[in-house]
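User: Hi! I'm new to this one, could you walk me through it?
Analyst: Happy to, let's bring it up first.

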Amino acid sequence: MKYKLLNKACLLPVAFALAACAGNAPRPATESGNAPADETATAEAPESQQGEAVFISNSLDNYRLATPEKTPQFGDTSAAIKTPEAAKEQPVDPYTAFPDLADKVFAHTQNLIDAGLPDSATAYLQRFRIIKPLWATWEARTDSILFALGKERADKAKAFEPLVLEIQNMNRAHAAYSMVATSADSLIALTPGDSLVNWANAQKQLAYKNTLSKAKKEYADIKSLAEDKAQFAEALAKANELLLRYRDFDKELHIQELIKQIQDMQQATDAEAIKYWEKNDPVQALAKADELVKAGKYGEAKKLLIKLKASKFRKEANEKYKALADTFCNEQRKATSQLFAKAQKQKDDAKKKELLKQAIAPLDKCMSEYPDNSQKNKVIENRQFLEKELAK
């Protein structure tokens, strides 16, 4: 006869209980297929009710487990029982361990049923069922431990509250990372518990992020001061100050490299030109540079724009200088194109080669005047093409 097992979800709480007490429960001694009852209960019960006496033993009132001595075992469940030493080495996860153990109980019960031992299956399953009252005692013990731990944490939190508030307020005010880190390390040194240690480390990371963001903004302002306004002395002073205040961030910001760049720009800038713009209007000079470019006086425009790079309008002068380079090189490439077209029509090889040489000259002029112009790659490609044509 086949017996249908109850839904294991109905018995899951007691499965938890079984797993919790499994290490202390005595193992049954298997001798036959019948499970004897508690001796006291068996003596008082009629013979027809002796089977029931197994499950209504007085020992249940004291939350003890009856131990059937003759229940046959089909499948070893001892693997689910861990010794205290093993538990220390590898903590059990109750959320998964208890359901797994319950599955093994039901599997063993089904084995008994499949073997034609319904009485033994009933005894085994009832042994699983009757441990339910123990769950209340374990819940009470758990709550007691949790309460003690909570009280300990609360006491510690109260003791460390001033330092915690100090760190919170510093981060709210976006205080320097060094200040927050000092206070956080002081808190950690007091061994406040893993929660507060983790919190302190998180606060340090937050302070680091806030300070790095602030330092990057200052870095950009200093770089703009040098590159766009030619205020090298002021930029250099601020860069050195930045290095002193944010020395912990030099790897991320490369402040020392910025200082070197400013020094190089300062050395490359004509000191006389800097003094010149203290008495002359750079705005008028920029307008004049535009007029010179339109008139095709590229050489004069170039000299004026280079001089303007020493003024507070360095950024605008750089932009106009780049535009001038493009205009000049476009004209040179146009001249090259016209000469190449003439060379292609020439039937005399000597004259053709002469025209090709002349076509290369404007490209060289472009690269000589403006070696870093935006069309540099195209100019180089054009020149290489003409050299191949010349070699034919």
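**A patch on the surface**

Analyst: Let's begin on the outside: a nonpolar surface patch is formed by Ile145, Leu146 and Leu149, which together have about 280 Å² of accessible area. Keep in mind that this is a predicted model.

User: Where does Leu146 sit?
Analyst: Leu146 lies in helix α7, which covers residues 132-172.

User: And is Leu146 buried or exposed?
Analyst: Leu146 counts as exposed because its relative accessible area is 53%, and the cut-off for exposed is over 50%.

User: New topic. How many helices and strands does the protein have?
Analyst: There are 18 helices and zero strands.

User: How do α9 and α12 pack?
Analyst: Helix α9 (residues 194-227) and helix α12 (residues 255-268) meet at an angle of about 10 degrees, and their axes are 10 Å apart. Angles under 35 degrees count as roughly parallel, so α9 is roughly parallel to α12.

User: Which residues make that contact?
Analyst: From α9, the contact uses Tyr219, Ile222, Lys223, Ala226 and Glu227. On the α12 side are Ile255, Leu258, Gln261, Ile262 and Met265.

User: Zooming out, what share of the residues is buried?
Analyst: Of the 392 residues in the protein, 33% are buried.

User: And what about the accessible surface of the protein, how much is there?
Analyst: It comes to about 25000 Å², with 52% belonging to carbon and sulfur atoms.

User: Last one: among contacts between residues at least 6 apart in sequence, what percentage join residues at least 24 apart?
Analyst: For those contacts, the figure is 68%.

Technical notes: Residues numbered from 1 in each chain as written. Predicted model: local features only at pLDDT ≥ 70, side-chain atom pairs only at ≥ 80, totals over all residues. Heavy atoms only, no water. Patch = residues over 30% accessible without salt bridge, like charges linked within 9 Å, V, L, I, M, F, W, Y side chains within 5 Å. Areas by Shrake-Rupley, 256 points an atom, 1.4 Å probe, with all protein chains shown as cover. Salt bridge = Lys/Arg side-chain N within 4 Å of Asp/Glu carboxyl O. Helix = DSSP H or I, 4+ residues; strand = E, 2+ residues; numbered from the N terminus. Buried < 20%, exposed > 50% of the residue type's maximum accessible area, 1.4 Å probe, protein only. Axes fitted to C-alpha atoms, helices over the stretch in contact; angles between N-to-C directions. Parallel < 35°, antiparallel > 145°, perpendicular 65-115°, else oblique. Contact = heavy atoms within 4.5 Å.
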